[in-house]
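Here is a brief report on one protein model. It starts with the sheet and then turns to the helices and the core.

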Amino acid sequence: MKWVKDNVGTLIKKCKTNDPFEIANFINVHVVPWDLHEEINGFYKYDRRNKYIFYNSNLGNEMQYFVCAHELGHAVLHPKVNTPFLRSSTFFSINKIEVEANTFAVELLIPDKVIYDQCNSRMTIQEAASTYNVPHEVAHLKNF
């Protein structure tokens, strides 16, 4: 999904960061921590030209970053589509927009530079995913 990777690259250059919370703020996407049910990690909502990312405030910091990045993917790639709740089982989804949002999150959180710099160290994609707080279930989506 080169087009997803290209969107991420453009966004990182524009915002000068790969932090999903900072990017959301920069592009006027409202990020709302919410006490959601334990099975629900987060969701994206579009309402009258306003974009919202809701994430479960009970998640650990690492998972909050991934959920924000995933939902930011929806905000950027599917801006007018309200998405279903992101559950841990969504990592295994074959639903097109969920795979695209997961790919967006992986590309955002694991910078290409890290992969290229680590080529000689024999770091695996799973190790890179662990280092950058990306769930191992979606690490394979990294395109390099």
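## Sheet

Phe-43 stands opposite Phe-54 in β3. The model is predicted: local features need pLDDT of at least 70 and side-chain atom pairs pLDDT 80 or more, while totals for chains, interfaces and linings use all residues. Residues are numbered from 1 along each chain as its sequence is written, and side-chain values use heavy atoms, without hydrogens or water.

Elements are DSSP runs numbered from the N terminus: helices are H or I with at least four residues, strands are E with at least two. Strands pair if DSSP finds at least two bridges between them.

The sheet is open and has three strands in the order β1-β3-β2, with mixed pairing. β1 (29–34) and β2 are the edge strands; each has a single partner, so one side of each lacks a neighbour in the sheet. Neighbouring strands are turned by 20° against each other on average, direction ignored. α3 packs on this sheet and touches β1, β2 and β3; the direction of α3 makes about 155° with that of β3. Contact means heavy atoms within 4.5 Å. Axes are lines fitted to C-alpha atoms, for helices over the stretch in contact, and angles run from 0 to 180 degrees between N-to-C directions.

β2 and β3 (residues 50–56) are antiparallel, with six bridges. They form a hairpin with two residues between them, and Arg-48 in the turn has a positive phi of about 50°. β1 and β3 run parallel, also joined by six bridges. Two bridge pairs are tabulated here.

| Residue | Bridge partner in β3 |
|---|---|
| Tyr-44 | Ile-53 |
| Val-29 | Lys-51 |

## Helix α4

Helix α4 covers residues 96–109. Its 14 residues should span 20 Å at 1.5 Å a residue, and its end C-alpha atoms are 20 Å apart, which agrees. The expected span is 1.5 Å times one less than the number of residues. Asn-95 caps the N-terminal end: a side-chain oxygen lies 3.0 Å from the backbone nitrogen of Ile-97.

Twelve of the 14 residues of α4 are buried, so the helix is largely enclosed by the rest of the structure. Buried means under 20% relative accessible area, with a 1.4 Å probe and protein chains only. The buried residues include Glu-98, Glu-100 and Glu-107. Their cover includes α1 (2–15), α2 (20–26), α3 (61–77) and α5 (112–117).

## Cores and Lys-5

A nonpolar core is a set of buried Ala, Val, Leu, Ile, Met, Phe, Trp, Tyr and Cys residues joined through side-chain atoms within 4.5 Å. The largest has 30 residues; among those with the most contacts inside it are Phe-66, Phe-104 and Ile-110. α1, α2, β2 (42–47), α3, α4 and α6 (125–131) each give two or more residues to this core. Another core, of five residues, lies apart from it and includes Val-32 and Phe-43.

Leaving aside neighbours within four places in sequence, Ile-110 contacts residues including Ile-125, Val-134 and Lys-142. Lys-5 is in α1. At 17% relative accessibility, Lys-5 counts as buried. Beyond four places in sequence, Lys-5 touches Glu-107, Asp-112, Lys-142 and Asn-143.

Definitions and conventions: Buried < 20%, exposed > 50% of the residue type's maximum accessible area, 1.4 Å probe, protein only. Polar contact = N/O pair within 3.5 Å; in protein donor to acceptor, adjacent residues only side chain to side chain.
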